[in-house]
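This report describes one structure for a reader new to it.

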Amino acid sequence: MAPGVELGFAAAAAEGPGGAWRLRSACFPSKVGGRPAWLGEAGLPGPAALRCGRCQQPCAFLLQLYAPLPGRPDAFHRTLFVFACRSPACYRPAGPSGPFLFRNQLPRRNDTYSEEPPPEEPPPGPAPAPPRRLGSGAALCRVCGCLGPRSCGRCRRAAYCGPEHQALDWRRGHRRSCGQLAAGGGSAPIGDLWNTGSSTRVPACG
Ligand SMILES: [Zn+2]
Ligand SMILES: [Zn+2]
Ligand SMILES: [Zn+2]
């Protein structure tokens, strides 16, 4: 192993409400799969920034690492988000369209999180569903959890990053739940674009 490299290993997150709360933004998770647990709201990548440079399809969220920088007040909280194209053809030959990374960081004193460490115990009550909107009101795509400026033309409530994920959600069930959403009901958003099952959590690694 090269000097200065630390490895983390993914471990399965506890199923159900007993573990899901640790994967929410307020717990500053490192995790593989699922939807990104965004750290801050400023500077999030838009749909155009998340398209593969080769096939122009939306890249999928792969993992995030909580990696604060000690001694850097502006990076007291710092999370790296890795996105990648799902098409194997886009990696042959290796080129500029490989997995790409977004960095999100905040000072200790910020408008979103307490200055104190997050609680070690789960909050009372059922685990909240993944957020459909940011605190600013900006909608998140029902499929991938990235910014979703496009909405379903029928119910006007389901948000998407682009036509690909709108079509995918329609096929996976929004076709049936669209009327319910318009009436105030609705189904849970889709989980994972990589079909990896439940989200997993990896130990922080430097
Ligand atoms: Zn691609
Ligand atoms: Zn999307
Ligand atoms: Zn709809």
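Which residue in strand 4 is the bridge partner of phenylalanine 61? The bridge partner is phenylalanine 83.

## Basis

The model is predicted: local features need pLDDT of at least 70, side-chain atom pairs count only at pLDDT 80 or more, and totals for chains, interfaces and linings use all residues. Residues are numbered from 1 along each chain as its sequence is written, while chains are lettered from A and ligands numbered from 1 in the order in which they are written.

## Strands

Strands are DSSP runs of E with at least two residues, and helices are runs of H or I with at least four, numbered from the N terminus. Two strands pair if DSSP finds at least two bridges between them.

Strand 3 (residues 60-66) pairs with strand 2 (residues 31-32) over two bridges, in the antiparallel sense. Here leucine 63 of strand 3 is the bridge partner of valine 32. Strand 3 also runs antiparallel to strand 4, joined by six bridges.

## Leucine 69

The loop between strand 3 and strand 4 holds leucine 69. Leucine 69 is exposed because 12 other C-beta atoms lie within 10 Å (exposed: 12 or fewer; buried: 20 or more; partly exposed in between; C-beta atoms placed from the backbone).

## Annotated domain

UniProt, in an unreviewed entry, places the feature "domain: MYND-type" at residues 141-178; such annotations may be inferred rather than shown by experiment, and positions follow the numbering used here, with feature names shortened. This span is 42% helix and 11% strand, and its end C-alpha atoms lie 15 Å apart.
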